Amino acid sequence: MKAIVIRKHGGPEVLSYEHIPDPVAEKGDVLVKVKYCAVNHLDIWVRNGIVGKKVQFPHILGCDISGTLLEGFGNFKKGEKVTVYPAFDSKVPRTSFGIIGGFGKYKGGYAELISVPKNNIIKKPDYFTDSEAASINVSYLTSWNMLERSRCKKGDMILIWGANSGIGSAAILLAKAKGLKVITIASDKNKVKFAEKLGADYVIDRSTQDVTSEVLKITNQVGVDAVIDHVGAKTWPSSLEVLKIRGIMVSCGTTSGSEGTVNIRTFYSKESQIIGAYLGSKSQLISLHKFMKLKKIKPAIDSIFDLKDAKLAHQKMEKSNQFGKILLRVSN
Ligand SMILES: NC(=O)c1ccc[n+]([C@@H]2O[C@H](COP(=O)([O-])OP(=O)(O)OC[C@H]3O[C@@H](n4cnc5c(N)ncnc54)[C@H](OP(=O)(O)O)[C@@H]3O)[C@@H](O)[C@H]2O)c1
């Protein structure tokens, strides 16, 4: 099969388009012919490597997969269109789970064939195209989980960082559909326009405006009910500062660094909460599919690259030039 293989950690140059032997499904697993695999920031973390996290080389990235089943099992038929829930039980102490194509035993979806646990297979909802189905398993599921953890109700005000990102664009669409008021952050005019098109009520351009004072101005100095923070070190101080009393900050990412600063006095005197979110459950993914159909939401897709051009897809994400999800077309 054709695949993008990494044999060491490094920049986009380590993504090597190769012909390699087909995988063999282990007990409890099934082979999926991958149609699309979305690119996620996790792919960049795994490609670059993280101190203390190991992968077994040669490795294959990619956790956001739609495709067809190579063989039937249970209620699933051979050739059935499916989407793959990305988490599996890693048996690592104090870790909720591993992610397919991440730091764990399962190779990912930058390949024509992939072996995944049967339990992770979900029938592709007819409402979504194959490329749309591959866009939802990670950014949309995590955003959905974050919104649930924020405990926001209709009419509440939420701050969402990085409008153009996978997580940010998903969170804006889902938060608006849940009836929340959304303040989001962009960093140039085109990103501001994109955020407005997604339906954000207020867009702050962080290249020309101070985020903290603008959020406080918009909320009459009260602050927001919740913050969706996927950026990490650089944004944590503002995220905590703009929370209203008993506000909730939900954190899922470290794009700008993993050593954040917390003003502890601000944190406790407002009785704030910081909650972590790691992906979401399979049942949340199924509920999300239903919610998106009910609310007629389609994922925001920026671009689709051929598998062999995975380097270009990674470069685009690393430059933050995307407006929504970047995908790889793996097979026809
Ligand atoms: N916990 C989980 O289960 C989970 C799941 C999915 C993703 N994540 C994490 O969430 C993060 C986002 O993932 P993604 O795939 O959505 O990434 P992405 O599409 O690459 O987005 C990166 C975003 O970060 C913003 N950003 C970067 N530096 C910033 C700064 N200094 N201030 C404000 N915004 C900044 C960028 O905004 P500009 O373009 O305006 O610079 C861009 O919108 C990653 O760290 C990823 O690992 C975690």
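Predicted model: local features only at pLDDT ≥ 70, side-chain atom pairs only at ≥ 80, totals over all residues.
Figure 1. Three helices, H1 (41–48), H3 (136–150) and H4, each contribute at least two residues to the shell around the ligand. The shell residues comprise 10 nonpolar, 14 polar and three charged. Of the 27 residues around the ligand, those that come nearest are Ser187, Arg206, Leu279, Ser320 and Gln322.

Figure 2. Of the 930 Å² of accessible area that the ligand has on its own, the protein covers 88%.

**Figure 3. Helix H4, residues 166–177.** The 12 residues of H4 span 17 Å from the first C-alpha to the last, close to the expected 16 Å. Because 10 of these 12 residues are buried, H4 is largely enclosed by the rest of the structure. Among the buried residues are Gly166, Ile167 and Leu174. At the start of the helix, a side-chain oxygen of serine 165 comes to within 2.8 Å of the backbone nitrogen of glycine 168. Just after H4, glycine 179 adopts a positive phi of about 85°.

**Figure 4. Strands E3 and E8.** Strand E3 (residues 29–39) pairs with E8 in the antiparallel sense over five bridges. Leucine 31 has serine 115, in E8, as its bridge partner. Strand E8 (residues 113–117) is mostly covered, with five of its five residues buried.

Technical notes:
Residues numbered from 1 in each chain as written. Heavy atoms only, no water. Helix = DSSP H or I, 4+ residues; strand = E, 2+ residues; numbered from the N terminus. Expected span 1.5 Å × (residues − 1). Buried < 20%, exposed > 50% of the residue type's maximum accessible area, 1.4 Å probe, protein only. Polar contact = N/O pair within 3.5 Å; in protein donor to acceptor, adjacent residues only side chain to side chain. Pairing = 2+ DSSP bridges. Near = heavy atom within 4 Å. Areas by Shrake-Rupley, 256 points an atom, 1.4 Å probe, with all protein chains shown as cover. Nonpolar A, V, L, I, M, F, W, Y, C, P; charged D, E, K, R; others polar.
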